[in-house]
Amino acid sequence: MPTLDSNVVLIAGGVGGARMAEGLAHALPDGALTVIANVGDDDDFYGLRVCPDIDTLVYTLSNRIDRKQGWGVADDTVRALDVLGTLAAPTWMKLGDADFGLHIWRSWQLAAGNSLTRVTQEAAKRLGARARILPASDDPVRTKLRTTDGWMDFQPWFVGRRCEPQVLELRYDGVEQAKAGAEALAAIEAAELIVFAPSNPLLSIEPILAIDGFRSAIAASRGLRVGVSPLIGGKAIKGPLTRLMAGLDLRTSSCGIAIRYNGLLDGFVIDMQDLPESDELQGRGLSVLPTDILMRDPQDAERLAAEILAWTAALREHRERAAS
Ligand code: GDP
Ligand code: CA
């Protein structure tokens, strides 16, 4: 049995990221996992800062998540939202009462001058999340989409319009000025293993990679770097990924995803169904783990995480033997 890594970094968005994070947190020793979270979906509602990907990670890793929806707090109520509706405020962003508690606390802590990194770590710890969660940046990065209806902010497109307007172009506002979170960068530098979650590459992973410092730190890492495909048989398990990629003329396959991370990966995890893609991935210099990559429940996520950890341990042994 190879020893498990004590320094693992997961680069993640919301739902796909959180499922992988939960699996890794269970399969690894306590304290080994750091999750670097996308902030491109963050937005302000009623003066409160909402960080959907961080929130999904915190709720999943603390077992508070509504597992049927994949986001929000289980058994949450919407009385605050009902009052807001009566007061004629827009209520398309579905924020539950328990959820509001976190947004109020976060906004209060940020207004008092604390960084998003500090506030996120504190929330994760106090709510009992089983991993360290770090925002990619303390500065605002906001994903904008040019659609057939013109430029839109992310949440009005994703939640407000249910991803319906066709996307023609993406940009990450603020990304040139944003500084990579110092603790997030340090975690990458110290990582023995970096995992790209099966998150949406365009909406979750690339808003992180576009921040100055992340790509070069990952490229220079002495750790192993592997990605997990969010597609099975060319289809996303959930969300707008397939339509988004097709609309932008990108290949909707696991290879198409791996190509987005060109130069940053040593290996890629694909579904058994996509075994025919192995040759092309190997041709691109990647080691391939074909397995069942659907995470139906936390046990399944832990099973996938354990397989990935065993595979990466073997890859590392192989690499060390080749170098000696
Ligand atoms: P979001 O920020 O909530 O949209 O979530 P992410 O970007 O982290 O993840 C979205 C992606 O997760 C989608 O493209 C899904 O295909 C993928 N996904 C969701 N569940 C699973 C799963 O069980 N296995 C794999 N491999 N991918 C998944
Ligand atoms: Ca998201």
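Me: Let's take contact as heavy atoms within 4.5 Å. Which elements do the buried residues of α4 pack against?

Reply: They pack against β4 (48-50), α2, α3 (79-86) and α5 (116-126). Helices here (H or I, at least four residues) and strands (E, at least two) are DSSP runs, numbered from the N terminus. Buried means under 20% relative accessible area, exposed over 50%, and partly exposed in between, with a 1.4 Å probe and protein chains only.

Me: Before we go on, what kind of model is this?

Reply: This is a predicted model, where local features need pLDDT of at least 70 and side-chain atom pairs count only at pLDDT 80 or more, while totals for chains, interfaces and linings use all residues. Residues are numbered from 1 along each chain as its sequence is written, chains are lettered from A and ligands numbered from 1 in the order written, and side-chain values use heavy atoms, with hydrogens and water left out.

Me: Back to α4, then. Which of its residues are buried?

Reply: Asp99, Phe100, Leu102, His103, Arg106, Ser107 and Gln109. Helix α4 (residues 97-111) has 15 residues and reaches 21 Å from first C-alpha to last, close to the 21 Å expected at 1.5 Å a residue. That expected span is 1.5 Å times one less than the number of residues. Just past α4, glycine 113 has a positive phi of about 100°.

Me: And α2, which of its residues are buried?

Reply: Pro52, Asp53, Ile54, Asp55, Thr56, Leu57, Val58, Tyr59, Thr60 and Leu61. That's ten of the ten residues, so α2 is largely enclosed by the rest of the structure. Asparagine 63 follows α2, with a positive phi near 60°.

Me: Switching to sheets. What's the strand order in the one with seven strands?

Reply: That open sheet goes β5-β2-β1-β9-β10-β13-β14, with parallel pairing. Two strands pair if DSSP finds at least two bridges between them. β5 (132-135) and β14 (287-291) stand at the edges with a single partner strand each, so one side of each has no neighbour in the sheet. From one strand to the next, the twist averages 20°.

Me: What packs on it?

Reply: α8 does, touching β1 (8-12), β2 and β9, with its direction at about 120° to that of β1. Angles run from 0 to 180 degrees between N-to-C directions, with axes as lines fitted to C-alpha atoms, for helices over the stretch in contact. α13 lies across β9, β10, β13 and β14, at about 155° to β14.

Me: How many residues of β10 are buried?

Reply: Five of the five in strand β10 (residues 224-228), so it is largely enclosed by the rest of the structure. Leu224, Val226 and Val228 are on one side, with Arg225 and Gly227 on the other. Strand β9 (residues 193-196) pairs with β10 in parallel over four bridges, and isoleucine 194 has arginine 225 as its bridge partner. β10 also runs parallel to strand β13 (residues 267-271), joined by three bridges.

Me: And the sheet of three strands, what's its order?

Reply: β7-β6-β8, open and antiparallel. Its neighbouring strands are turned by 25° against each other on average, direction ignored. Strand β6 (residues 142-147) pairs with β8 over six bridges, and lysine 144 stands opposite arginine 171 in β8. Helix α8 (residues 201-209) packs on this sheet too, touching β6 and β8.

Me: Last one: which residues touch the most other members of the largest nonpolar core?

Reply: Leu10, Met20, Phe196 and Phe214, out of 96 residues. Helix α13 (residues 298-323) gives the most to this core, with seven residues. A nonpolar core is a set of buried Ala, Val, Leu, Ile, Met, Phe, Trp, Tyr and Cys residues joined through side-chain atoms within 4.5 Å. A second, separate core has eight residues, among them Phe45, Val50, Leu95 and Phe100.
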